[in-house]
Amino acid sequence: MKRLLTLVQVLALAAGQYAMAAAPDRVEPPFWWAGMQEPGLQLMLHGKDIGDLTATVDHPGVTLLGTESTDNPNYLFINLRLASDVEPGTVAIRLQEDGIPHSSFDYELRTRTAPPRGERGFDSSDAIYLVTPDRFANGDPGNDTAEGVQEGLDRDAPGGRHGGDIAGMRAALDYIEGLGFTAIWPNPLLENDQPGYSYHGYSATDHYRIDPRFGSNAEFRAFVASAGKKGIGVIQDVVLNHIGDGHWWMDDLPDSDWLNGAGTRRGEFAITNHSRFTPVDPHASDADRRLFLEGWFVDSMPDMNQRHPLLANYLIQNTLWWIEYAGLSGIRADTYAYSDPGFLEQWAERIRREYPHFNIVGEEWTRNAALVAHWQRSESEPATGGRLKSMMDFPLHYSLREALTAEESWSSGLIQLYEGLANDFQYPNPQRLVIFGGNHDTSRLFSQLHDEPALFRMAVAYLATMRGIPQFFYGDELLMTSPRHRADGIVRSDFPGGWDGDKANGFTGAGLTAQQRQAQDYVRALFRWRRTQPVIHRGDVTHFAPVDGTYVYFRHDADDVVMVAMNKGEDAVPFNRARFAEVLGDRRRAVDVVSGRQYPLDGLEIPPRDVLVMEIQ
């Protein structure tokens with residue numbers, strides 16, 4: 001009888017300890033899915049002195065592989081294996097200390113859901129609309145400030161928060177679809193709880209939380225679903241290289257070498273040398289290569305040590321979590337080459353294995369086509385070295401801007417655009433490159449083109465018809481302006497009509513100037529037309545060397561021919577059909593895709609300071 005009482009007392013004590021000890025205050029990923037291709041799942045737990053605990057798991061199809069700890073006793077990593085036929089449900093995980101129950105928590109395995117646009121990702125049949133969410137539209141003034149965050153609203157400050165949010169983007173989906181765009185890329189939406197200059201989103205402070213001043217995780221997921229119903233895919237902006245110094249890790253780093261440098265908030269670290277060639281330069285010193293890869297981007301953006309296997313796996317799972325949770329159509333990877341190449345290979349290959357048709361576009365900010373080409377792979381290749389199917393085409397970006405504004409000569413002007421495109425021989429797949437006239441880090445396109453509507457039309461025509469995946473920056477269709485030098489807060493100015501009381505409204509057209517309406521109509525006409533043109537999506541490119549300030553190129557396939565003819569000169573130029581006979585064949589008529597007017601090719605003139613986009617019949 002005494003033995004029975006003792007056993008009852010032990011069990012009661014154990015049950016009491018489960019109840020008394022606090023469960024971990026963080027478990028990340030917060031939930032997962034049954035049926036993923038990769039059977040491994042690693043949970044990161046944070047809580048007071050949990051590093052030496054052991055775990056047990058009770059769920060059919062879930063196997064505990066073991067636990068790992070670091071030199072910080074407040075973290076525990078649990079390694080699980082999920083059977084291919086594991087059922088969704090609640091996984092009971094119990095933690096023990098020296099065999100004595102400590103605490104427990106339930107972990108959810110969810111059912112996978114189909115992405116809103118299927119699994120095709122994004123490709124050259126798409127056109128991307130880039131948005132800085134804080135500056136686009138304020139759909140919910142109620143979240144302009146949020147409890148517990150440091151920075152509030154200051155719309156008068158170029159570097160302050162202005163109040164744009166997910167609700168505003170969702171309300172603008174009809175506008176974006178009406179312009180002809182089939183994908184939207186918002187700058188990062190993750191929590192950026194920094195004391196100031198936090199609106200841009202590139203200083204994450206929580207990898208699993210949408211910033212409450214933009215909305216909630218659920219609102220973001222609903223936004224992606226709404227966009228998908230309109231045929232618009234959502235591309236998430238992902239920052240792999242660095243975090244914000246307000247990240248919750250910084251108060252209690254998971255490990256002493258979690259970050260590059262000394263691992264302290266203001267400790268011994270170096271700023272990167274930005275020498276982006278060092279990973280591929282056969283002559284680069286090891287010191288320069290390390291400084292590029294391991295230096296901090298700026299002192300408020302700690303650089304993550306992606307050689308740390310626990311951190312690498314954390315970042316990989318975080319990306320997969322957002323793809324699956326939100327139903328994303330793609331990723332834009334910020335400062336791609338700054339990350340550790342070995343990590344990038346793991347990251348890209350895990351995504352490719354889980355989502356074979358998914359697309360990622362990497363940012364390699366350089367004028368050098370060879371360096372961009374280094375990071376691209378062909379469609380069927382593995383992600384060796386972290387190479388991706390798509391890259392941002394910065395070399396052609398510079399060629400376009402400079403060709404349209406430079407004086408015409410044998411070595412400047414449109415010849416720069418011609419020779420910039422000739423670099424395509426270096427790329428595994430030029431059709432996968434993302435082409436653009438401007439983005440959130442550059443001056444506004446119209447300003448860079450000296451505020452000339454004619455040059456703006458040429459740039460828009462080029463983006464809408466050239467090979468690759470076009471990306472357009474919000475407000476460029478309204479001829480928004482900025483200094484020609486980099487001035488981020490002004491470049492990312494508020495979209496007219498995104499706030500109650502705005503004098504002009506780009507969404508409705510109210511209060512726009514005639515010049516703005518003409519530019520918007522031109523963008524709308526070309527990109528709506530582009531949406532249904534396989535010859536633009538996949539056709540060949542043949543271009544002819546510029547002559548006397550004119551540049552003519554064709555997109556063509558077995559069925560269709562489209563001609564683009566630019567004339568930077570002040571006089572009309574007769575169209576020489578014989579010169580382009582190898583593409584035109586016996587075709588003799590053309591239809592202007594913007595106006596719908598028909599023209600005979602014989603006797604056609606390319607108007608001065610203008611561009612023609614024509615279907616050849």
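A: Six strands form an open sheet in the order β19-β20-β21-β26-β23-β24, with antiparallel pairing; strands here are DSSP runs of E with at least two residues, helices are runs of H or I with at least four, both numbered from the N terminus, and two strands pair if DSSP finds at least two bridges between them. The edges are formed by β19 (540–547) and β24 (598–600), each of which pairs on one side only. On average, neighbouring strands of this sheet are turned by 25 degrees against each other, direction ignored, where axes are lines fitted to C-alpha atoms (for helices over the stretch in contact) and angles run from 0 to 180 degrees between N-to-C directions.

The model is a predicted one, in which local features need pLDDT of at least 70 and side-chain atom pairs count only at pLDDT 80 or more, while totals for chains, interfaces and linings use all residues. Residues are numbered from 1 along each chain as its sequence is written, and side-chain values use heavy atoms, with hydrogens and water left out.

Helix α10 (residues 414–422), in turn, lies across β19, β20 and β21 (561–567), running at about 150 degrees to β19.

Methods:
Contact = heavy atoms within 4.5 Å.
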